[in-house]
Amino acid sequence: MDSSRIIDLLLFAIPSLITGLIAYYFFKEHTKNEDGRRRFLLHKDLQVNALPTRLQAYERMTLYLERITPSKLLLRVAPTSSDKNTYESMLIQAIESEFEHNLAQQIYVSEECWNIINTAKNATIQLIRKASLLEKTDTAEKLREVVLTEMLERRAPSDLALSFIKEEVKDIL
């Protein structure tokens, strides 16, 4: 083969190679875009289906926090005797029972939100225990009085958690 024939072959092959590379590049980009579009649509579909469940979880946690607010808890759980220790145990058991009932909701709320709810629960229990340890608290009725007085002087621990839930739901929507 002579050199002019090789040059002619190269001149024909170069445009074919360039066209092939351009086609490969466009096909690769198209495939990447289609994959991204499919992922976006799948994510969007999952979000649409999961949103009602997440909102329901936030609703349930809001209800939980409302129910463990000391003033509402004391109205709902009446003392059965005048023993303050028995009443303290009843209150704490009511809080723990409600918490265990809503334990699965942590899957649907953010980790930060769950930690704040847990902290509110523990702070409410701590408030009841501290009120029970006071010397002036000698009966169940006095325990109710002391806790209610404490709630008049400061915000309930669950109020902060409720505010956080409201903000988080606002961000979701």
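**Entry 1: helix α6**

I looked up which residues of α6 are buried, and I found P157, S158, A161, L162, F164, I165, E168 and V169. Buried means under 20% relative accessible area, exposed means over 50%, and partly exposed lies in between (1.4 Å probe, protein chains only). These residues cover an arc of only 165° around the axis, so they sit on the same side of α6. The arc is that of the directions from the helix axis to the C-beta atoms. I then checked the face turned away from the buried side, and there L160, K166, K170 and D171 are exposed.

I noted my ground rules here. The model is predicted, so local features need pLDDT of at least 70 and side-chain atom pairs count only at pLDDT 80 or more, while totals for chains, interfaces and linings use all residues. Residues are numbered from 1 along each chain as its sequence is written, and side-chain values use heavy atoms, with hydrogens and water left out.

Helices are DSSP runs of H or I with at least four residues, strands are runs of E with at least two, and both are numbered from the N terminus. Helix α6 covers residues 157-172. Its 16 residues should span 22 Å at 1.5 Å a residue, and its end C-alpha atoms are 24 Å apart, which agrees. The expected span is 1.5 Å times one less than the number of residues. What does the buried side pack against? The buried residues of α6 pack against α1 and α4 (111-133).

**Entry 2: helix α5**

Next I took α5, residues 140-153. Its 14 residues should span 20 Å at 1.5 Å a residue, and the end C-alpha atoms are 20 Å apart, which agrees. I list A140, L143, R144, V146, V147 and M151 as buried in α5. They cover an arc of only 165° around the axis, which puts them on the same side of α5. The face turned away from that side carries the exposed residues L152 and E153. The buried residues of α5 pack against α2 (70-76), α3 and α4.

I picked out L143, which is found in helix α5. Its relative accessible area is 0%, so L143 is buried. What does L143 touch? Not counting residues up to four places away in sequence, L143 touches K84, Y87, E88, L91, I128, A131, S132 and T137. Contact means heavy atoms within 4.5 Å. L143 and L133 are 10 residues apart in sequence, and their C-alpha atoms are 9.4 Å apart in space.

**Entry 3: helix α3**

I went on to α3, which has 18 residues. It reaches 26 Å from its first C-alpha to its last, close to the 26 Å expected at 1.5 Å a residue. In α3 I found K84, Y87, E88, L91, I92, A94, I95, E98 and F99 buried. They cover an arc of only 145° around the axis, so they lie on the same side of α3. On the other side of α3, E100 and H101 are exposed. The buried residues of α3 pack against α1, α2, α4 and α5.

Is K84 buried or exposed? K84 has 17% relative accessibility, so it counts as buried. Leaving aside neighbours within four places in sequence, K84 is in contact with S132, L134, T137, D138, T139, A140 and L143. I also looked up K84 and E98, which are 14 residues apart along the chain, and their C-alpha atoms are separated by 21 Å.

**Entry 4: aromatic rings**

How many aromatic pairs does the structure hold? I found three. Rings of Phe, Tyr and Trp (its six-membered ring) pair if their centres lie within 6.5 Å; planes under 30 degrees apart count as stacked, over 60 as edge-to-face and the rest as tilted. Y64 and F99 form a tilted pair, 5.9 Å centre to centre, with 55° between the planes. The pair links distant parts of the chain: Y64 is in helix α1 (residues 3-67), F99 is in helix α3 (residues 84-101), and they are 35 residues apart. Both Y64 and F99 are buried. Y64, F99 and W114 form one aromatic cluster.

The charged end of K121 sits over the ring of F99, 4.6 Å from its centre. For this, NZ of Lys or CZ of Arg must be within 6 Å of the ring centre and within 35 degrees of the ring normal.
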